[in-house]
Amino acid sequence: MGFWRDPITFIGAWLRDLLVNTGLSPMGAELIGIVLGAGLLATSAMLLVIFLIWVERKLIGRIQDRFGPNRVGPWGIFQPVADMLKIFTKEYITPIGADKLAYNIAPVLAVASVLMVWAVIPFSFTVVGADLSVGFLFILAVGALGEMGYILAGWGSNNKYALLGAFRTIAQLISYEVPMIISALIPIMFAGTLSVTGIVLAQDIWFIIIAPAAALVFFIASVARIGRAPFDLAEAESELVAGYNIEYSGLKFGMFFVAEFLQAFTMALIFATIFLGGWRGPGAEQFPILGFLYLLIKTSAVYFITILFRATLPRFRIDQMMALNWKILTPFSLSIVLVMALVGRLVASSPDVFRVAVFLAVNAVLLVAVDRLITLNKRKPPREVGSRNRPVAQAEVLPAQSDPGASE
Amino acid sequence: MTGLQIIFLIVTGVTLFSAIMVVSVRKMIHAVLWLVQTLLGVAILFITLQASFFAVVQILVFIGAISILILFSVMLASRVIQDSSPQVVKKWWLPALVATLLLGLLVNFLALWPGFETTLVELPEGSDNIAELGHVLISPEGYIIPFELASILLLAALIGAIYIAIDRKEPQSS
Amino acid sequence: MLSPWLYIGVFALIAMFLPAVAITIAGFLSPKKPNRIKNSTYECGMETVGPSKIQFKVQYYVYTLVFLIFDVEVVLLLPWAVAYNQLAWYAIFEVFFFILILLGGLLYAWRKGALEWR
Amino acid sequence: MIPLSWYLIASAALFCIGLFGVMVRKNAITIFMSIELMLNAVNINLIAFWHYHSQMQSGPHVTGLVFVAIVIVVAASEVAVGLALIISAYRRRKTIIIDDLTLLKG
């Protein structure tokens with residue numbers, strides 16, 4: 001009975017009893033439990049990527065009116081497995097003059113920094129890796145380690161395009177970190193804690209309902225931090241070389257790939273946790289196993305939207321991307337904090353329905369205002385390259401017989 | 001010797017070693033990487049002191065921002081780095097002597113203080129009270145003046161640094 | 001108290017260990033036939049010109065600078081945000097000033113053209 | 001748990017290493033890194049004493065943490081302005097070696 005309500009805790013308790021009964025000290029049993037739990041979580045997150053790659057390719061295929069992978073296994077579901085087996089047997093090409101240590105440690109850092117986020121996410125009422133009192137800040141801080149990984153990759157490859165790509169990536173990541181942290185202040189304000197578990201528990205009303213504007217800013221910033229279209233400036237495949245990972249091959253390249261996919265899903269997970277109520281839903285306290293399901297559904301929904309972004313939006317120019325961040329999102333998120341702090345204090349003791357209505361109205365006003373401001377101060381069209389009267393081929397100048405198709 | 005003490009010794013050893021590497025390696029990029037490792041070590045020391053908030057802030061600010069800024073300025077000045085001229089002054093042993101003497105002096109001086117040998121015990125849950133920190137930072141009886149001054153200092157730093165870094169009258173020599 | 005951090009430490013080790021092991025295993029499985037051309041710097045087939053540690057734009061530096069300042073600002077705001085529910089009115093206004101001062105800084109950077117990508 | 005003295009000695013050692021770096025290096029950016037080391041040593045000290053005081057007196061006691069926050073602000077401002085100065089000097093004089101930056105020498 002207990003097993004079906006909350007399998008993870010049940011198995012954990014059972015294992016602990018077993019270990020203590022075999023004569024291990026409680027400390028040792030605890031330690032083994034920690035190692036097993038962490039190993040299980042990290043491994044399943046890594047394995048999830050295989051599935052994510054299939055989902056993403058299939059969905060993008062469908063969006064673009066293609067089949068997507070459809071050869072290996074039913075619906076092509078084993079395609080990433082085949083790809084993985086292949087990439088395992090690919091040669092590592094280490095460029096001449098590479099800084100060996102930096103070059104080799106960079107992919108490991110990139111994956112590890114994303115995986116670390118999973119350690120503090122609560123997956124259900126009872127299951128959380130580590131309930132840190134500063135869990136949310138921890139999520140933001142491990143991103144900094146990932147940035148170090150990208151710089152190491154770009155610098156260690158001894159390739160100027162890799163270095164340029166790394167600079168661009170870092171400039172993008174740190175720029176978008178600013179509105180991301182500032183908009184994340186609002187859930188922290190209303191939850192009154194930095195612990196991720198605390199933020200989830202405080203969401204009797206989802207924070208996306210109380211603060212849609214902050215959620216929007218956070219979402220845009222997190223999409224930008226994944227480095228996917230429309231923000232894939234750093235590795236714009238069709239314009240630049242592939243960015244910081246140009247000199248990587250085999251599974252070292254694959255690790256950056258894994259990091260990117262895992263990052264996309266992890267960002268969706270973070271968004272679902274701090275704005276969509278995490279594992280919360282009807283009956284999730286009594287039956288913690290339902291929490292997994294709710295969290296999975298919410299995360300998948302957010303993840304689906306990021307895939308839609310990727311599949312449908314054209315790429316930004318780099319100056320547009322930076323302008324969006326520094327001239328729109330950053331001042332906007334700061335003003336959201338100011339206004340929400342004021343309004344939140346005004347209606348602090350009101351009934352919930354009234355509070356939510358006021359918050360929604362304020363957020364709507366904010367969004368409309370920023371939209372009007374953007375429209376009024378529309379950017380001037382980009383500076384034209386070269387002189388205005390360029391030599392253009394004109395019909396009357398051309399000899400008539402040289403272009404038979406256009407003569408009629 | 002408890003487990004925590006062993007962790008402390010390992011972390012401190014790695015941290016101090018990385019700090020020595022920061023001041024002694026020739027390649028500046030490597031110096032920055034050693035600096036990152038030192039800062040991580042300091043963050044772990046903060047964790048053993050139960051200051052979780054500042055441990056994470058250490059990673060966020062010092063590694064995520066300051067060391068990246070240093071790295072960028074190293075790359076900005078990268079032409080100078082390639083030269084193989086000595087990176088340290090000739091009489092390097094004199095500062096080494098001074099630093100060692102200072103260390104001995106400091107430790108001796110601190111050992112005079114009766115609280116020196118105190119064993120730190122585990123604080124009760126929630127001693128690293130962020131909300132309390134917020135209260136103290138804002139309240140007039142607390143540290144509101146330093147708080148607002150910090151904002152002005154940051155503003156001054158921002159304006160000053162941008163004014164200096166963006167050099168419109170840059171002589172185009174290259 | 002230390003147990004969540006112990007978990008984080010173990011998790012960090014495992015998170016580094018997994019990709020490292022995968023990369024090492026692939027290293028055993030994969031062929032190793034390096035040659036000079038293959039290992040040369042890849043620039044879409046062109047020969048590399050000049051040193052690869054190029055000098056880079058000041059613009060990246062300026063963005064990092066503004067980021068650093070705002071990062072520290074948010075770090076100072078975080079304790080306030082955590083304590084928000086219990087704070088009095090004056091605390092909110094003090095933070096108003098705090099944020100407005102930094103918005104002034106952002107405005108200066110904007111006017112100075114530091115936020116333009118050039 | 002760990003004796004307070006260990007932290008103080010570690011912090012003093014880190015400070016002295018930073019001081020050594022400031023005295024011995026010729027390169028302005030590395031000198032900045034050494035200053036960062038010294039500031040971190042100060043932070044270790046402040047947090048160790050915060051812990052010591054919280055265990056000596058019961059009840060919340062966060063003054064030490066406020067100091068740490070201010071040190072972080074100062075470190076950030078110092079790095080921002082200092083590195084901007086170095087970059088400006090580099091652009092005009094094409095060097096970041098401190099001995100060569102002798103504009104004010106008579």
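In which helix of chain A is Glu260(A) found? Glu260(A) is part of helix α11, residues 250–275 of chain A; helices (H or I, at least four residues) and strands (E, at least two) are DSSP runs, numbered from the N terminus. The model is predicted, with local features needing pLDDT of at least 70 and side-chain atom pairs counting only at pLDDT 80 or more, while totals for chains, interfaces and linings use all residues. Residues are numbered from 1 along each chain as its sequence is written, and chains are lettered from A and ligands numbered from 1 in the order in which they are written.

The account begins with chain A. Glu260(A) is partly exposed, having 19 other C-beta atoms within 10 Å. A residue counts as buried if 20 or more other C-beta atoms lie within 10 Å of its own, as exposed if 12 or fewer do, and as partly exposed in between, with C-beta atoms placed from the backbone. Between the C-alpha atoms of Glu260(A) and Ala361(A), which are 101 residues apart along the chain, the separation is 37 Å.

Helix α6 of chain A (residues 135–156) has 22 residues and reaches 32 Å from its first C-alpha to its last, close to the 32 Å expected at 1.5 Å a residue. The expected span of a helix is 1.5 Å times one less than its number of residues. Because 22 of the 22 residues of α6(A) are buried, this helix is largely enclosed by the rest of the structure. After α6(A) comes Asn158(A), with a positive phi near 60 degrees.

Most residues other than glycine have a negative phi. Asp65(A) has a positive phi near 60 degrees and is a residue other than glycine. Asp65(A) sits in the loop between α3 (26–63) and α4 (79–88) of chain A. With 6 other C-beta atoms within 10 Å, Asp65(A) is exposed.

Gln50(B) is not a glycine, yet its phi is positive, about 65 degrees. Its place is the loop between α2 (28–48) and α3 (52–76) of chain B. Is Gln50(B) buried or exposed? Gln50(B) is buried, as 25 other C-beta atoms lie within 10 Å.

As a whole, chain B contains seven helices and zero strands, and its pattern along the sequence is α-α-α-α-α-α-α. An automatic or database domain assignment divides the chain into domain 1 (1–83) and domain 2 (129–168). Taken over C-alpha atoms, the centres of these two domains of chain B are separated by 24 Å. Of the 174 residues in chain B, 47% are buried. Two residues are in contact if their C-beta atoms, placed from the backbone, lie within 7 Å. Among contacts in chain B between residues at least 6 apart in sequence, 48% join residues at least 24 apart.

Chain C has four helices and zero strands, and 43% of its 118 residues are buried. Helix α3 of chain C (residues 58–83) consists of 26 residues and reaches 39 Å from first C-alpha to last, close to the expected 38 Å. At Leu77(C), α3(C) bends by about 30 degrees, and the proline Pro79(C) follows within four residues. The bend at a residue is the angle between axes fitted to the seven residues ending there and the seven starting there. In α3(C), 25 of the 26 residues are buried, so this helix is largely enclosed by the rest of the structure.

Chain D has three helices and zero strands. Its C-alpha trace spans about 55 × 25 × 25 Å along the principal axes. The radius of gyration of chain D is 18 Å, whereas a compact globule of 106 residues would have one near 13 Å. This radius is taken over C-alpha atoms, and the globule rule is 2.2 Å times the number of residues to the power 0.38. Of the residues of chain D, 55% count as buried.
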